[in-house]
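Q: Please look at the structure below. How do the terms used for it follow from the values?

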Amino acid sequence: MCSIIGYKGQLSVAPLLVDSLKQMEYRGYDSVGIAVINNGKVITKKGVGNVSDVAEKFDLGIMPGHTGIGHTRWATHGRVTEENAHPHYGCTNSIAIVHNGVIENHHELRDELMGLGHIFKSDTDSEVIVHLLESYYAKKDIKKTTIETCRRLTGAYAFVAAFEDGSICGSRCDQPLIIGSVDRGYFISSDVLGFLKYTDKAIFLHNRDIAIIDSNALQIFDFEGNAVNRETTQVAWEVSSLDKGKYAFHTLKEIHEQPALVKKAGIKNSNKIGEFCNILKNSRTVYITASGTSYHCALIAKYLLSNFAKIHCETIVSSEFQYTLDGVDNSSVLLSISQSGETADVLEAVRAAKRIGSKILSIVNIPTSSLARMSDSFLELECGPEVGVAATKSLTAQLCLIYAIADRLCDYSLGFQTNKIFLAEASREVLDQETEIQTIASKLRQARDIYLLGRSVHYPIALEGALKIKELSYIHAEGIVAGELKHGPLALIDKNTYVIILNPDDRTHCDNIVSAREIKTRGATIIGISNKPDDAYDMLLKLPSIKKNIFYPIIEVLPLQILAYYLALVKNIDPDYPRSLAKSVTVK
Ligand code: F6R
């Protein structure tokens with residue numbers, strides 16, 4: 001989604017903003033812009049493309065001044081054009097703003113402001129913010145101007161405004177906004193990665209906070225204008241983990257980090273897992289909610305908690321939660337799973353469950369995220385920042401925590417802790433087959449449709465494999481429960497289709513082989529992912545045999561991630577930043 005950054009201090013602002021925007025580019029972008037304040041004037045430059053290209057084209061890095069704001073846009077309202085890129089500035093050019101989120105009442109506000117003579121230059125919802133600010137700025141009182149403006153806005157938003165006098169002001173309502181405190185100034189950003197290179201001292205603004213940074217330093221108010229105190233927190237991530245290291249892309253680096261993650265899974269969280277288990281055991285029903293890849297983990301969580309821990313569970317994809325609230329009550333627990341902890345659909349589900357009185361547990365990678373803050377208790381993924389837009393290592397970290405929880409709930413009869421080390425080795429063995437997987441990717445390069453089949457706990461991995469292939473290679477891919485093939489999808493199978501079957505040697509194996517033969521007679525090419533060869537497969541991606549089959553999801557997802565990665569490369573797609581996707585989906 002959009003990234004916003006602001007800085008006021010002693011240093012030259014433009015190079016800092018360009019660098020910060022690059023750090024946050026992983027969140028998604030289609031256009032970029034910067035506004036600086038110099039000698040009482042607002043100077044804005046913006047364009048379509050990535051940060052490096054726009055910075056070079058418009059010389060963003062050498063814009064003058066010590067106060068400024070910057071933005072990478074991920075279009076929601078209005079096409080990808082230079083006019084729609086942020087920052088937006090008003091008619092008098094005394095204020096510029098950058099915005100993340102959606103202003104729901106922008107049509108009414110635009111009509112009203114146009115009636116007052118304001119001239120709009122873009123099709124965005126965001127531009128109303130700057131015209132509103134301008135209309136309340138007659139007395140040049142930034143605090144009052146911002147409060148009045150926020151009173152008029154509905155929706156989920158965070159914005160930062162730069163004023164002609166060199167002050168900056170940020171406001172948040174259901175979208176994150178964080179202040180980074182440096183020696184001689186402040187950053188204000190939608191993501192700690194926007195300033196983590198310069199400071200680990202962060203102030204997380206609360207919902208409906210306004211922060212003003214002027215020559216008298218930083219002041220924070222609530223929407224009613226009362227001064228509030230917000231503590232400074234030290235954030236932990238190592239900046240070095242944002243490097244690609246020896247890898248060509250973040251995605252590949254993150255895929256290769258997974259064996260080490262499996263090995264150390266759950267160590268830091270061990271006490272908190274106990275607390276989690278007590279809450280889960282005492283709930284009437286556990287509702288598990290998440291989006292995208294995290295939802296695939298939720299499906300496996302349901303399987304493990306119901307089958308091994310005998311806990312009554314339901315999974316509800318977050319965007320559907322509001323329509324499916326019937327059974328949720330104050331004796332239920334909502335377990336939400338999210339890498340970013342900022343996914344709007346997940347946060348919306350949590351708010352709905354909280355209103356009903358359910359307890360909120362979450363599994364999240366970013367301990368300072370909105371989701372972690374809204375939860376009664378949360379477990380950290382501890383997998384470090386995930387930069388590649390497609391989720392890879394965060395899924396593995398989520399799965400490991402889910403296995404650790406299920407294991408604890410069934411008196412360690414699953415044996416996750418004792419098997420971890422072998423699973424880490426098995427993961428490494430799978431990743432060692434990178435060259436073979438690359439060869440398969442070049443054979444699938446022209447594929448029009450790829451179907452992925454699995455049963456039981458392998459079905460969510462079939463869904464995940466399909467999602468990865470779609471996201472990274474733009475090839476149509478679909479995960480199907482293998483047993484459902486004969487109820488319709490078989491009609492789609494012909495000699496031009498490719499079918500990947502997740503088929504480790506467990507109790508799903510024989511039935512899958514029957515499905516494979518049905519597919520083979522229709523001429524499709526079959527790729528087996530299994531520890532047991534079979535002549536039904538045209539190609540085999542070999543899984544190592546492991547001691548307990550229940551852990552196969554942790555390792556069988558890896559060849560699918562690598563396959564999707566190489567499909568992106570053979571199709572000349574940047575696997576770190578595929579089109580139309582954003583790392584944190586902060587709009588509904
Ligand atoms: C898939 C992907 C997305 C996310 C989804 C949820 O590769 O990255 O589908 O999984 O947007 O994001 P989080 O886990 O941050 O809530």
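A: Proline 87 sits in the loop between strand S4 (67-73) and strand S5 (88-89), where strands are DSSP runs of E with at least two residues and helices are runs of H or I with at least four, numbered from the N terminus. This is a predicted model, in which local features need pLDDT of at least 70 and side-chain atom pairs count only at pLDDT 80 or more, while totals for chains, interfaces and linings use all residues. Residues are numbered from 1 along each chain as its sequence is written, and side-chain values use heavy atoms, with hydrogens and water left out.

Q: What kind of peptide bond leads from histidine 86 to proline 87, cis or trans?
A: The bond is cis, with omega near -5°. Most peptide bonds are trans.

Q: Why is aspartate 59 called partly exposed?
A: Buried means under 20% relative accessible area, exposed means over 50%, and partly exposed is in between (1.4 Å probe, protein chains only). Aspartate 59 has 40%, so it is partly exposed.

Q: Why is lysine 310 called exposed?
A: Its relative accessible area is 66%, and the cut-off is over 50%, so lysine 310 counts as exposed. Lysine 310 lies in the loop between H9 and strand S16 (313-317). Its phi is near 55°, a positive value in a residue other than glycine.

Q: What does the side chain of lysine 310 reach?
A: It reaches the backbone oxygen of asparagine 307 at 2.7 Å. A polar contact is a pair of N or O atoms within 3.5 Å; within protein, one must be able to donate a hydrogen and the other to accept it, and residues adjacent in sequence count only if both atoms are side-chain atoms.

Q: How far apart are lysine 310 and alanine 447?
A: They are 137 residues apart in sequence and 42 Å apart in space, C-alpha to C-alpha.

Q: Why does aspartate 19 count as buried?
A: Aspartate 19 has 16% relative accessibility and the limit is under 20%, so it counts as buried. Aspartate 19 lies in helix H1 (residues 13-23).

Q: Which residues does aspartate 19 contact, leaving aside its neighbours within four places in sequence?
A: Aspartate 19 is in contact with Lys197 and Tyr198, contact meaning heavy atoms within 4.5 Å. The side chains of aspartate 19 and tyrosine 198 are joined by a polar contact of 2.5 Å. Glycine 194 is 175 residues from aspartate 19 in sequence, with 8.3 Å between their C-alpha atoms.

Q: Why does histidine 296 count as buried?
A: Its relative accessibility is 10%, and buried means under 20%, so histidine 296 is buried. Histidine 296 is found in helix H9.

Q: Which helices each supply at least two residues of the shell around the ligand?
A: They are helix H9 (292-307) and helix H16 (459-473). The shell divides into five nonpolar, eight polar and two charged residues. Here Ala, Val, Leu, Ile, Met, Phe, Trp, Tyr, Cys and Pro count as nonpolar, Asp, Glu, Lys and Arg as charged, and the others, Gly among them, as polar.

Q: What lies 2.6 Å from an oxygen atom of the ligand?
A: A polar side-chain atom of serine 338 does. A polar side-chain atom of glutamate 471 lies 2.7 Å from an oxygen atom of the ligand.

Q: Why does the radius of gyration of the chain agree with a compact globule?
A: For 588 residues such a globule would have a radius near 25 Å, and the chain has 25 Å, so the two agree. The radius is taken over C-alpha atoms, and the rule is 2.2 Å times the number of residues to the power 0.38.

Q: How much of the chain counts as buried?
A: Of the 588 residues, 62% count as buried. The chain has 18 helices and 24 strands.
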